[in-house]
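This report describes charged side chains and how they pair. The structure comes first, and the account follows.

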Amino acid sequence: MRKQLLWVIALPLLSGGCIAKTAWDVATLPVKAAGQAVDWTTTSQEESDRNYGRKMRKQEAEEARRLREEEKRRKREERDD
């Protein structure tokens, strides 16, 4: 009986609070999971700006390519005339 009592008394000291931390982690897990789900389903302003900038750069590059091709076509037509 005395050995069991010593273990019960010594257990919190030996565990270093990890039982309390584990209980806290388990209690806060649903909140963290819900927050992560919201992060995955929404787009932040920074992501939106980055995506818009990427879209605009791609569009500008496409326009520049079309202008170069048009200029080449015009020069070829002038040369052929």
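Seven salt bridges are counted in this predicted model, a salt bridge being a side-chain nitrogen of Lys or Arg within 4 Å of a carboxyl oxygen of Asp or Glu. In the predicted model, local features need pLDDT of at least 70 and side-chain atom pairs pLDDT 80 or more, while totals for chains, interfaces and linings use all residues. Residues are numbered from 1 along each chain as its sequence is written, and side-chain values use heavy atoms, with hydrogens and water left out.

| Pair | N to O distance |
|---|---|
| E70 and R74 | 3.9 Å |

E62 and R65 lie three residues apart in helix α3, so about one helical turn separates them; helices are DSSP runs (H or I, at least four residues), numbered from the N terminus. E62 and R66 are four residues apart in helix α3, again about one helical turn. E62 is partly exposed at 29% relative accessible area, where partly exposed lies between buried (under 20%) and exposed (over 50%), with a 1.4 Å probe and protein chains only. R65, at 33%, is partly exposed, and R66 is partly exposed at 48%.

E70 and R74 are also four residues apart in helix α3, about one helical turn. R74 is partly exposed at 39% relative accessibility. Through salt bridges that share partners, E70, E71, R73, R74 and E77 form one network.

Conventions:
Helices (H or I, at least four residues) and strands (E, at least two) are DSSP runs, numbered from the N terminus.
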